[in-house]
Amino acid sequence: MKFDNKLKYKGYTGSVEYSETDGVFYGRVLGIRSLLSYEGETLNELKDDFHELIDDYLQTCKKEGQPIEEPKQEEKT
């Protein structure tokens with residue numbers, strides 16, 4: 001996996017941070033008001049958790065009839 005401090009999936013961008021204290025990678029979805037965060041002990045786990053989070057977010061919004069927040073245009077790539 002290319003490491004550039006950002007993850008991208010389905011038009012959403014996520015940050016990549018590392019906590020030396022906890023020994024985990026973590027991040028949050030950028031470009032939306034909702035606070036959506038994820039973590040993993042490895043970069044692959046972080047990526048998988050990010051993908052699951054986005055899929056769950058989209059599914060939950062659709063199921064509950066809530067509007068889906070689209071990322072700000074500059075965050076889409």
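The following dialogue explains how several terms apply to this predicted model.

Modeller: Residues are numbered from 1 along each chain as its sequence is written. In this predicted model, local features need pLDDT of at least 70 and side-chain atom pairs count only at pLDDT 80 or more, while totals for chains, interfaces and linings use all residues, and side-chain values use heavy atoms, with hydrogens and water left out.

Biologist: Why is Asp 48 called partly exposed?

Modeller: Buried means under 20% relative accessible area, exposed over 50%, and partly exposed in between (1.4 Å probe, protein chains only). Asp 48 has 40% relative accessibility, so it counts as partly exposed. Asp 48 is found in helix 1.

Biologist: Why is Lys 10 called exposed?

Modeller: The relative accessible area of Lys 10 is 52%, and the term exposed requires over 50%; therefore Lys 10 is exposed. Lys 10 lies in the loop between strand 1 (6-9) and strand 2. Its phi is near 50 degrees, a positive value in a residue other than glycine.

Biologist: What makes strand 4 largely enclosed by the rest of the structure?

Modeller: Strand 4 (residues 24-30) has seven residues, and five of the seven are buried, so the strand is largely enclosed. Helices (H or I, at least four residues) and strands (E, at least two) are DSSP runs, numbered from the N terminus.

Biologist: How do you know that strand 4 pairs with strand 3?

Modeller: Two strands pair if DSSP finds at least two bridges between them. Strand 3 (residues 17-19) and strand 4 have three bridges, in the antiparallel sense. Glu 17 stands opposite Tyr 26 in strand 4. These strands form a hairpin with four residues between them, and Gly 23 in the turn has a positive phi of about 70 degrees.

Biologist: Which bridges join strand 4 to strand 2 and to strand 5?

Modeller: Two bridges join strand 2 (residues 12-15) to strand 4, and the two run antiparallel. Gly 14 has Val 29 of strand 4 as its bridge partner. Four bridges join strand 4 to strand 5 (residues 37-40), again antiparallel, and Arg 28 stands opposite Ser 37 in strand 5.

Biologist: What makes up the negative surface patch?

Modeller: Patches are made of residues with over 30% relative accessible area and no salt bridge, with like charges joined within 9 Å. A salt bridge is a side-chain nitrogen of Lys or Arg within 4 Å of a carboxyl oxygen of Asp or Glu. The negative patch is formed by Asp 22, Glu 39, Glu 41, Glu 45, Asp 48, Glu 52 and Asp 56. Helix 1 (residues 43-64) gives the most, with four residues.

Methods. Patches are made of residues with over 30% relative accessible area and no salt bridge: like charges are joined within 9 Å, nonpolar side chains (Val, Leu, Ile, Met, Phe, Trp, Tyr) within 5 Å. Accessible areas come from the Shrake-Rupley method with a 1.4 Å probe; for residues, only the protein chains shown count as cover. Lys and Arg count as positive and Asp and Glu as negative; His and the chain ends are not counted. The place of a charge is taken as NZ of Lys, CZ of Arg, CG of Asp or CD of Glu.
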